[in-house]
Amino acid sequence: MNKNNFMKKLLAVIILMLFINVGLYGCQSYQPSKNAITMSISAYENGVTQSFSMPAGTDYYREKGQTDQAIERYVEDLEAQVRSQLWNNMYLNYYAIYLKNPIEEFSLNGDLVKIKAVSYNSVTDSVNFSFSFGSYEAWRYYHPSNESGEQDQDDQPMFLEIDVSKGTFPFSQLSNGQPAGFIYYDVIYNAKLKSFPKEDVDSEEKPIFVYSYGTTHKRIHSNADYVYEDGLYYHVWQVGFDELVNENPLELYTVNAVRGWWYLIALASALAVAGIGMGIFVLIERKKKKNKKSD
């Protein structure tokens with residue numbers, strides 16, 4: 001090894017270790033916004049839960065003078081729209097994966113795959129649903145991994161073993177030329193237009209978009225906006241509505257870890273929405289074409 005290469009690797013080690021120390025002991029506080037469209041991946045010791053949350057914003061419309069009856073009708077319609085345009089299409093995507101290679105152990109709503117239906121939570125003022133996978137085998141069955149994020153061994157700093165996983169912010173991933181987050185936003189926006197005056201809907205502050213990744217492993221690091229501990233170690237990225245058109249890269253990495261397993265969860269989690277988002281768009285477009293033919 002020549003002197004220049006040695007010094008470069010030594011400098012990389014020093015910088016990396018300083019960064020790791022900040023990550024280990026400088027966890028930031030995090031207060032979730034009530035006006036956020038959120039995707040959360042929680043990777044526990046024995047499985048993974050994938051959750052989605054859409055803000056209802058009922059307080060805003062009460063302040064605009066809407067009655068409790070009008071608010072209730074809006075919430076019911078929002079639940080119905082989320083169920084038909086988001087939850088249902090995700091379910092169909094998972095079902096298509098199952099039909100392609102049916103393994104009874106991984107059947108939907110079986111022992112290892114639990115599905116939580118769409119429901120409104122009055123405490124968080126949001127509409128939520130989730131898919132829970134009771135083993136990592138079940139998760140990988142529905143989210144085939146991509147190992148391309150791993151660094152080459154020759155490029156790693158001396159004395160360290162680093163695994164890196166890279167992806168794009170889920171809501172920024174393109175679905176037929178537009179960020180997937182726009183699809184989620186349109187579902188909420190159109191539900192509001194059915195219940196409230198357009199000027200009120202258009203003047204409401206647009207939501208932020210949040211991707212949260214929780215892991216049991218303290219030594220996983222990232223370029224997240226927030227890192228905090230609450231049962232799991234959470235890495236949280238936030239992107240504003242107008243910034244969704246940017247790439248908004250995600251990075252997760254670990255040092256001195258057992259290679260070949262953790263980033264399968266990290267990368268698959270980060271990239272899963274791309275296929276799901278595309279599936280949503282394709283199914284919605286098919287429904288539109290069918291409706292046009294029937295008119």
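In which sense do strand 8 and strand 11 pair, and over how many bridges? In this predicted model, strand 8 (residues 208-215) pairs with strand 11 in the antiparallel sense, and seven bridges link the two. Within this pairing, V210 has Q238 of strand 11 as its bridge partner.

Strand 11 also pairs with strand 10 (residues 226-230), again in the antiparallel sense, over five bridges. The hairpin of strand 10 and strand 11 has one residue between the strands, and G231 takes a positive phi near 85°. Of the eight residues of strand 11 (residues 232-239), seven are buried, so the strand is largely enclosed by the rest of the structure.

These strands belong to an open sheet of seven strands with mixed pairing, in the order 3-4-2-1-8-11-10. Strand 3 (113-121) and strand 10 stand at its edges; each has a single partner strand, so one side of each is left without a neighbour in the sheet. From one strand to the next, the twist averages 15°. Elsewhere in the sheet, strand 1 (residues 36-44) runs antiparallel to strand 2 (residues 47-55), joined by seven bridges, and M39 stands opposite F52 in strand 2.

Helices lie across the strands. Helix 5 (residues 180-195) lies across strand 1, strand 2 and strand 8, at about 50° to strand 2.

A further detail concerns a loop. Q173 lies between strand 5 (162-168) and strand 6 (174-175). With a relative accessible area of 7%, Q173 is buried, and a polar atom of its side chain lies 2.8 Å from the backbone oxygen of T168.

Terms used
Residues numbered from 1 in each chain as written. Predicted model: local features only at pLDDT ≥ 70, side-chain atom pairs only at ≥ 80, totals over all residues. Heavy atoms only, no water. Buried < 20%, exposed > 50% of the residue type's maximum accessible area, 1.4 Å probe, protein only. Helix = DSSP H or I, 4+ residues; strand = E, 2+ residues; numbered from the N terminus. Pairing = 2+ DSSP bridges. Polar contact = N/O pair within 3.5 Å; in protein donor to acceptor, adjacent residues only side chain to side chain. Axes fitted to C-alpha atoms, helices over the stretch in contact; angles between N-to-C directions. Contact = heavy atoms within 4.5 Å.
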